[in-house]
Each structure stands twice: as structure tokens, then as C-alpha cells.
Amino acid sequence: MCSSLDAERVTEALSEEVRVRLGPIEVAGEVASTNDILDDDAIVRDRVQIARRQTGGRGRQGRSWETVDGALCFSVLHAFPAEAPPALALWAGIALIERLREMGLGQPCLNWPNDLMYGSAKFGGILTECRIRGGQTRCVVGVGVNVEDAPELDRQTTSIARACGQSPDPNHLAAGLIESVVTCLVRLDSGAPDKLKAYFEPYDGLRGSEVHVTGPSQTYTGRAQGVDDRGYLQVEGEEGMRQFDSADVRLRRL
């Protein structure tokens, strides 16, 4: 799949509005991190970087993101005129899940805060990194998805092809997912919508599950109850409802 990625074909599959906004699309062979490539002071416009393979991909909390043949890795750079909107990874995740469903690629869901899932198996993730430079907040949204195959890890993983029984055209897939993220970021320029909870709920893969949550200052076990409009995870346990804005979440083994 990776070798079939072609910058010209990806560009042609984008809408005219997004194509003009991004400029030339680049597809690299192997890079350390697509996010790092876009973390460059010289870049002043929206831009996307695609790679067939990453050797130093990152996840949340310093974890590594392992890629295998048949993965799609890309990052999108967008500069916000002031602060970055809250819950950026959640908004990007919602946009990606909606586009995959529109493309007929099954019923993926989103596990708070940034895991792309088919049922209980992960097939992708999102990493957002923001820096204030020159009075703007420059945000890079990195996305990695398993398209054909999935790495063997200590938790269940899958791929789009394995979960759906079909292999999407790589260039059409890349264009669709890139466009979903770019469109999301541009819309957030005018402010995040007020009702994140309502947008997220149809795609919430954790709601109702027993979870063990480890945050910066507390650990809690209970039943996931979705998010509030700030994007905080809500967990109901023996001591009532707790909210988490940043945490590591694991399904509790009963």
C-alpha cells in the first residue's frame, strides 16, 4: 500500500479549496517523524507532510508509535491567530471518524482522547503538538493509521483492511483523511463549537466501559460516561463522578 502513495494523485483527490490552501503535497519514503518535519520556523502557511514509513513516530506521554508496511502517516500544520482551541485531538478525531464512515470503511469509533478504534482494537492514533511563535499558535496534527497490516503489540490492534474486509485506494484514503483534518482546523479558527459532548457521543468507543484512569494527580476506577463540553473524560466510580483533562486510560479487566 505505502509504495502506491503518489503525491500527484493525492493532490488531485483533494477539493480545490483545500488543494489551494495547502500548496504542493509531499510524500516522503522514510522519515523519523512527519510532525518534526513541519515543526519549522520557515513555514508560514498550512502544509501537509505524508510519509510511507516513520522510524521515530510518537504517541502520547512519550510513547513510540510503531509503523508497519501498509500504514499511512501524515501531519497537518495550521496556525491559529491566538490560542489553540481546547480538545484539539478530539475535534480532529471526530473529523477523521466521520470521514472514514462516509467513505464506507465500517463503523470506527474514538477512544478518548486520541485512539482510533474498530471495536476493541486500535488501528490508529492522533498526536497534536502546539507552539506559540510570532504571536500565533502553530499546531501540528499528526495521524497514523494501519491500512493493510497491524503491528503485534501488547494490546489488540487491527487495520482498516482487516476490520472492513476491503483495501481502500491509498491515495483516495490519504486525501479524504487529510481534507477532514484541514477542514476541521479551518472551522476551529472561528472558535470551537459549544457542544463537544454532543458531537463526540455518537463515536464514543469507551462510554459504558469499566476503565482504570491514571491522571497527573489521581488514579480512579469506574465507568466511562463520555466527555463534557470541555473535552474532559467523565468517570463514575464509588466516590462519584470525576473529570480528567489528561490521563492514561485502560479498560478494566473484570
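Tutor: We begin with a term: a residue is called buried when its relative accessible area is under 20%, exposed when over 50%, and partly exposed in between. Keep in mind that this is a predicted model.

Student: With that cut-off, what percentage of the residues of the chain count as buried?
Tutor: Of the chain's 254 residues, 50% count as buried. The secondary structure around them comes to seven helices and twelve strands.

Student: And how do I judge the overall dimensions? What radius of gyration does the chain have?
Tutor: The idea is to compare it with what a compact globule of that length would have. For 254 residues that would be near 18 Å, and the chain has 18 Å, which agrees. Along the principal axes, the C-alpha atoms fill a box of roughly 55 × 45 × 30 Å.

Student: Next, the sheet with five strands. In which order do they lie?
Tutor: Read across the open sheet, the order is β11-β10-β9-β8-β12, with antiparallel pairing. β11 (240-244) and β12 (248-251) are at the edges with a single partner strand each, so one side of each has no neighbour in the sheet. On average, neighbouring strands are turned by 45 degrees against each other, direction ignored.

Student: How should I picture the side chains on such strands?
Tutor: In a regular strand, side chains alternate between the two faces of the sheet.

Student: Let me walk across the pairs, then. How many bridges join β8 to β12?
Tutor: Four bridges join β8 (residues 210-214) to β12, and these strands run antiparallel. To find your place, look for Thr214, which stands opposite Asp248 in β12.

Student: Which residue stands opposite Arg223?
Tutor: That is Glu236 in β10. Here β9 (residues 219-227) and β10 (residues 233-237) pair in the antiparallel sense over three bridges. Their hairpin has five residues between the strands, and in it Gly231 takes a positive phi near 95 degrees.

Student: How many residues lie between the strands in the hairpin of β10 and β11?
Tutor: Two residues lie between them. β10 and β11 pair in the antiparallel sense over five bridges, and Gln234 has Gln243 in β11 as its bridge partner.

Student: Now the aromatic rings. What describes a pair of them?
Tutor: A pair of aromatic rings is described by the distance of the centres and the angle of the planes. This structure holds two such pairs. Trp91 and Tyr199 are 5.4 Å apart centre to centre, with 65 degrees between the planes, an edge-to-face pair. That pair links distant parts of the chain, 108 residues apart: Trp91 is in helix α4 (residues 88-102) and Tyr199 in helix α7 (residues 196-200).

Student: Is Trp91 buried or exposed?
Tutor: Trp91 is buried, at 7% relative accessible area, whereas Tyr199 counts as partly exposed at 41%.

Student: Why is the pair of Tyr118 and Phe123 called tilted?
Tutor: Planes under 30 degrees apart count as stacked, over 60 as edge-to-face and the rest as tilted. The planes of Tyr118 and Phe123 are at 35 degrees, with the ring centres 4.6 Å apart, so the pair is tilted. Tyr118 is buried with a relative accessible area of 11%, and Phe123 is buried with 0%.

Student: Which ring does the charged end of Arg230 sit over?
Tutor: The ring of Tyr232, with the charged end 3.7 Å from the ring centre. Likewise, the charged end of Arg242 sits over the ring of Tyr220, 4.3 Å from its centre.

Student: Last, the cysteines. How many disulfides does a search of the whole structure find?
Tutor: The search finds one. Cys130 and Cys139 form a disulfide with their sulfur atoms 2.4 Å apart. The torsion about their S-S bond is about 115 degrees, so the disulfide is right-handed. Cys130 is partly exposed at 38% relative accessibility, while Cys139 is buried at 0%.

Methods. Residues numbered from 1 in each chain as written. Predicted model: local features only at pLDDT ≥ 70, side-chain atom pairs only at ≥ 80, totals over all residues. Heavy atoms only, no water. Pairing = 2+ DSSP bridges. Axes fitted to C-alpha atoms, helices over the stretch in contact; angles between N-to-C directions. Phe/Tyr/Trp six-rings, centres within 6.5 Å; stacked < 30°, edge-to-face > 60°. Buried < 20%, exposed > 50% of the residue type's maximum accessible area, 1.4 Å probe, protein only. Lys NZ or Arg CZ within 6 Å of the ring centre and 35° of its normal. Disulfide = S-S within 2.5 Å. Rg over C-alpha atoms; globule rule 2.2 N^0.38 Å.
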